[in-house]
Structures are given as C-alpha cells and as structure tokens.
Amino acid sequence: MGKVIGGGLPVGAYGGRRDIMEMVAPAGPMYQAGTLSGNPLAMISGIKTLERLKAPGSYEHLDKITGRLISGILDAAREHGHAVCGGHISGMFGFFFCEGPVTCFADATKSDTEKFAKWHRKMLE
C-alpha cells in the first residue's frame, strides 16, 4: 500500500479502528515517527498521482499504453524463440515463461521460473 499512496515512492503507512487511530498525535497523546512517515516528496507525489488519476480518460490512457508495452515485450520475446504469455489490467501487468494462457495457479506452475528469474535480474540492470 505504501508505494501506491506515495505515487511510486516509499511511504510508511498504517491504519486501524477509529478509537485506536485517535490515540495517535496530533489527535491523541501517542507520538509516532518513522523514516518514511510523512516524507514531503512522497506525499506530494501521491497527491499529484491522485490528481492525475481523477482526470477524465486517465485510466483508459493508462490501459492503452500498458497494452502497447506488454504487446511489444511479448512480441519481442516470441521473436527470439521464448514461450511467453502475459497480460495487463490498467497499469498492472505480468509475464509467464510458458505457453498460455495462464488462468489459474496450476497453469502458473508450468512457467519456467529459472528463465523468469534470469529475465527479472536483467531487467534490473
């Protein structure tokens, strides 16, 4: 949840019942602090992200550009001889190194996890 509310930046976040949360400053006597709590950069990033997502057509645009990205990656992988499938919902996406589609856990277990691990490491470089 932290990276979502921070617009992609790390944030410390927690929640609870109203009676418990009202014990935390400034409403209550208990002070809580942490490295990522209330980081100004992450807070403004989260606010601006929410503002952008409220704009008409933002989710449709995000779905469109994510679809292009995923199609390109899948096409490139297949052109290089890899059995791969994947999909997306709005801005979230995933890949499996196997013939698809993957529709359940049993299908996902057929994925080449060693190939995925190698791909994941290379994407981080």
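Contact here means heavy atoms within 4.5 Å. The model discussed below is predicted.

Q: Which residues does Phe 95 touch, not counting residues up to four places away in sequence?
A: Phe 95 belongs to the largest nonpolar core, together with residues including Ile 70 and Leu 74. Phe 95 is also a member of an aromatic cluster that includes Phe 116 and Trp 119. With sequence neighbours up to four places away left out, the residues touched by Phe 95 are Ile 70, Ile 73, Leu 74, Cys 85, Gly 86, Phe 116 and Trp 119.

Q: Which residues form one aromatic cluster?
A: A pair of aromatic rings is described by the distance of the centres and the angle of the planes. Rings pair here if their centres lie within 6.5 Å, and a search of the whole structure finds five aromatic pairs. One cluster is formed by Phe 93, Phe 95, Phe 97, Phe 116 and Trp 119.

Q: Is Thr 66 buried or exposed?
A: Thr 66 is placed in helix 4 and touches His 88, Ser 90, Gly 91, Met 92 and Phe 93, not counting residues up to four places away in sequence. Buried means under 20% relative accessible area. Thr 66 has 6% relative accessibility, so Thr 66 counts as buried.

Q: What is the phi of Ser 90?
A: Ser 90 is placed in the loop between strand 1 (85-89) and strand 2. Although Ser 90 is not a glycine, its phi is positive, at about 55°.

Q: Which bond joins Gly 100 and Pro 101?
A: Pro 101 is found in the loop between strand 2 (92-96) and helix 5 (105-108). Omega between Gly 100 and Pro 101 is about 0°, and the bond is a cis peptide bond.

Q: What is omega for the cis peptide bond that joins Ala 25 and Pro 26?
A: Pro 26 has its place in the loop between helix 2 and helix 3. The bond joining Ala 25 to Pro 26 is cis, with omega of about 10°.

Q: Why does Pro 29 count as exposed?
A: Pro 29 lies in the loop between helix 2 (18-21) and helix 3. Exposed means over 50% relative accessible area. Pro 29 counts as exposed because its relative accessibility is 70%.

Q: How many residues separate Arg 78 and Asp 75 in helix 4?
A: Side chains of opposite charge can pair when their charged atoms come close. Arg 78 and Asp 75 form a salt bridge, with their closest N and O atoms 3.9 Å apart. The two residues are separated by about one helical turn because their spacing in helix 4 is three residues.

Q: What is the N to O distance in the salt bridge of Arg 17 and Asp 19?
A: Arg 17 is exposed, with a relative accessible area of 54%, whereas Asp 19 is partly exposed at 43%. Their side chains meet in a salt bridge with an N to O distance of 3.0 Å.

Q: What is the area of the nonpolar surface patch made by Leu 41, Ile 44 and Ile 47?
A: Ile 44 lies in helix 3 (residues 40-54) and counts as partly exposed, at 42% relative accessibility. Together with Leu 41 and Ile 47, Ile 44 makes a nonpolar surface patch of about 280 Å².

Technical notes. Residues are numbered from 1 along each chain as its sequence is written. This is a predicted model: local features need pLDDT of at least 70, side-chain atom pairs count only at pLDDT 80 or more; totals for chains, interfaces and linings use all residues. Side-chain values use heavy atoms; hydrogens and water are left out. Patches are made of residues with over 30% relative accessible area and no salt bridge: like charges are joined within 9 Å, nonpolar side chains (Val, Leu, Ile, Met, Phe, Trp, Tyr) within 5 Å. Accessible areas come from the Shrake-Rupley method with a 1.4 Å probe; for residues, only the protein chains shown count as cover. A salt bridge is a side-chain nitrogen of Lys or Arg within 4 Å of a carboxyl oxygen of Asp or Glu. Helices (H or I, at least four residues) and strands (E, at least two) are DSSP runs, numbered from the N terminus. Buried means under 20% relative accessible area, exposed over 50%, partly exposed in between (1.4 Å probe, protein chains only). A nonpolar core is a set of buried Ala, Val, Leu, Ile, Met, Phe, Trp, Tyr and Cys residues joined through side-chain atoms within 4.5 Å. Rings of Phe, Tyr and Trp (its six-membered ring) pair if their centres lie within 6.5 Å; planes under 30 degrees apart count as stacked, over 60 as edge-to-face and the rest as tilted.
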